[in-house]
Amino acid sequence: MNLIRLKNEHHDDIAINVEQIRAFYPYRTSSGVSTSLVEVDVGSAQPVIVKKSFTDFLNLVNKHNG
């Protein structure tokens with residue numbers, strides 16, 4: 001298991017298994033795209049919203065997928 005530790009949109013500590021990530025994309029708000037949140041599809045009914053920029057999250061995933 002390859003975990004990434006992050007904060008979710010409510011500032012709670014969470015961990016995501018890199019192997020379970022299906023897709024991730026910038027979080028869209030009603031007023032546009034958020035630059036500080038990423039929506040992560042891990043196969044659950046609701047996506048996980050994390051407090052990272054898209055580029056920072058991409059770098060974390062790449063680092064842990066190594």
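The model is predicted, so local features are reported at pLDDT of at least 70 and side-chain atom pairs at pLDDT 80 or more, while totals for chains, interfaces and linings use all residues. Residues are numbered from 1 along each chain as its sequence is written, and side-chain values use heavy atoms, leaving out hydrogens and water.

The description begins with the secondary structure. Helices (H or I, at least four residues) and strands (E, at least two) are DSSP runs, numbered from the N terminus. Two strands are said to pair if DSSP finds at least two bridges between them.

Strand 1 (residues 3–7) and strand 2 (residues 13–17) pair in the antiparallel sense over five bridges. Together they form a hairpin with five residues between them, and His11 in the turn has a positive phi of about 70°. In a regular strand the side chains alternate between the two faces of the sheet. In strand 1, Ile4 and Leu6 make up the covered face, while Leu3, Arg5 and Lys7 make up the uncovered one.

Lys7 stands opposite Asp13 in strand 2. Asp13 also forms a salt bridge with Lys7, with the closest N and O atoms 2.7 Å apart. A salt bridge is here a side-chain nitrogen of Lys or Arg within 4 Å of a carboxyl oxygen of Asp or Glu, and by this rule the count comes to one salt bridge. How accessible are its two partners? Asp13 is exposed, with a relative accessible area of 63%, and Lys7 counts as partly exposed at 37%.

The next element is an open sheet of three strands, in the order 3-4-5 and with antiparallel pairing. Strand 3 (23–29) and strand 5 (48–50) stand at the edges, each with a single partner strand, so one side of each has no neighbour in the sheet. Neighbouring strands of this sheet are turned by 40° against each other on average, direction ignored. Angles run from 0 to 180 degrees between N-to-C directions, and axes are lines fitted to C-alpha atoms, for helices over the stretch in contact.

Six bridges join strand 3 to strand 4, and these two strands form a hairpin with two residues between them. Strand 4 (residues 32–41) pairs with strand 5 over three bridges. In strand 5, Val48 is the bridge partner of Val40, and Val50 is that of Val38. The hairpin of strand 4 and strand 5 has six residues between the strands, and Gly43 takes a positive phi near 90° there.

Within strand 4 lies Glu39, and Tyr25 stands opposite Glu39. Glu39 is buried yet has no salt bridge; the nearest side chain of opposite charge, Arg28, is 7.5 Å away. In this count of charges, Lys and Arg are positive and Asp and Glu negative, whereas His and the chain ends are not counted. Contact means heavy atoms within 4.5 Å. Leaving aside residues up to four places away in sequence, Glu39 touches Ala23, Phe24, Tyr25, Tyr27, Pro47, Val48 and Ile49.

Two aromatic pairs are counted, where rings of Phe, Tyr and Trp (its six-membered ring) pair if their centres lie within 6.5 Å; planes under 30 degrees apart count as stacked, over 60 as edge-to-face and the rest as tilted. Phe24 and Phe54 form a tilted pair, 5.5 Å centre to centre with 40° between the planes. Because Phe24 lies in strand 3 and Phe54 in helix 1, this pair ties together parts that are 30 residues apart in sequence. Phe24 and Phe57 form an edge-to-face pair, 4.9 Å centre to centre with 70° between the planes. Phe57 also lies in helix 1, so this pair ties together parts that are 33 residues apart in sequence. Both Phe24 and Phe57 are buried, whereas Phe54 is partly exposed at 31%. Phe24, Phe54 and Phe57 form one aromatic cluster.

Finally, Lys51 is placed in the loop between strand 5 and helix 1. Lys51 counts as partly exposed at 33% relative accessibility. The residues that Lys51 touches include Lys7, Asn8, Ser36 and Leu37.

Conventions. Buried < 20%, exposed > 50% of the residue type's maximum accessible area, 1.4 Å probe, protein only.
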